[in-house]
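Me: I've got a model open and I'd like to learn how to read it feature by feature. Can you walk me through it?

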Amino acid sequence: APAPTQAPQGLAELIALLQQKTQIRSPDQCAPEDFLVYFDHCFAIKGQGTVLTGTILQGSVTVGQLIDFPELKIQRKVKSMQSMHRAVTRAQKGDRVGICVTQFDPEKMERGLGCAVAIPGHPSPVAPDYSTAIALVHRVRFYKQAIPSNSKVNITVGHRMVTATVRFFC
């Protein structure tokens, strides 16, 4: 391993390559109309469909609009909505909302994202699905076991825990 004062070899080239090959939009780069909601609860109502409750993070949604659920790779149409115990036809950024969709299994998602559909049948550009991430990590001083590269670990991302294979480099 290089000395602590020496810059890691190849890191600048790796960063440049990743920036060249990826197109990541931060929330401030998304168009204001790009709908994004974080659902914190999901439950079925017999004869109605599945209600997902959450907070709209950006954009707006209307009854009849398609919503993409990137984690599940499915899209569903908004059947009805409620906000503050009142039926609404439109909700926008900052609103707490209950969104009812049909043909959605509430067991498949407790929490997660929903977003706008640009082209029906195609994944949303608002919340892309990533299979790889590069992160700066620090060892927890109380954890004494070694964690070698290619180890499987649980990582918390938002309210979701995912299993990942870690590869360390410096």
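Predicted model: local features only at pLDDT ≥ 70, side-chain atom pairs only at ≥ 80, totals over all residues.

Me: Which residues does F169 touch?

Reply: A contact means heavy atoms within 4.5 Å. Leaving aside residues up to four places away in sequence, F169 touches L11, L14 and I134. F169 counts as partly exposed because its relative accessibility is 48%; the scheme is buried under 20% relative accessible area, exposed over 50%, partly exposed in between (1.4 Å probe, protein chains only).

Me: What does the whole chain look like in those terms?

Reply: You get 1 helix and 11 strands, in the order α-β-β-β-β-β-β-β-β-β-β-β along the sequence. Of the 170 residues, 27% are buried. Take the contacts with a separation of 6 or more: 57% of them join residues 24 or more positions apart.

Me: How many salt bridges does a search of the whole structure find?

Reply: The test is a side-chain nitrogen of Lys or Arg within 4 Å of a carboxyl oxygen of Asp or Glu. The search finds 1, between the side chains of R96 and D40, at 2.7 Å from N to O. R96 is in strand 8 (residues 96-101) and D40 in strand 1 (residues 36-45), so the pair ties together parts that are 56 residues apart in sequence. R96 is partly exposed at 39% relative accessibility, and D40 is partly exposed too, at 25%.

Me: How should I read phi, and what is phi for M84?

Reply: Most residues other than glycine have a negative phi. M84 isn't a glycine, yet its phi is positive, about 55°. H85 also has a positive phi, near 65°. M84 lies in the loop between strand 5 and strand 6 (86-88), and H85 is found in that loop as well. M84 counts as exposed at 68% relative accessibility, and so does H85 at 79%.

Me: Now pockets. How much space lies in the second largest pocket?

Reply: The idea is that rolling a probe the size of a water molecule over the atoms shows where empty space is left. Here, on a 1 Å grid over the protein atoms alone, a pocket is an open set of points where a 1.4 Å probe fits, with protein on both sides within 12 Å along at least five of seven lines, and lining residues have an atom within 4 Å of a point. The second largest pocket holds about 240 Å³, a volume being the space filled by probe spheres set on the points, joined across faces, edges and corners. Of its 14 lining residues, T53, Q82, S83, V97 and G98 are the closest to the centre.

Me: Which strand gives the largest share of that lining?

Reply: Strand 8, with 5 residues. Strand 2 (49-58), strand 5 (74-83) and strand 8 each supply at least two.

Definitions and conventions. Residues numbered from 1 in each chain as written. Heavy atoms only, no water. Helix = DSSP H or I, 4+ residues; strand = E, 2+ residues; numbered from the N terminus.
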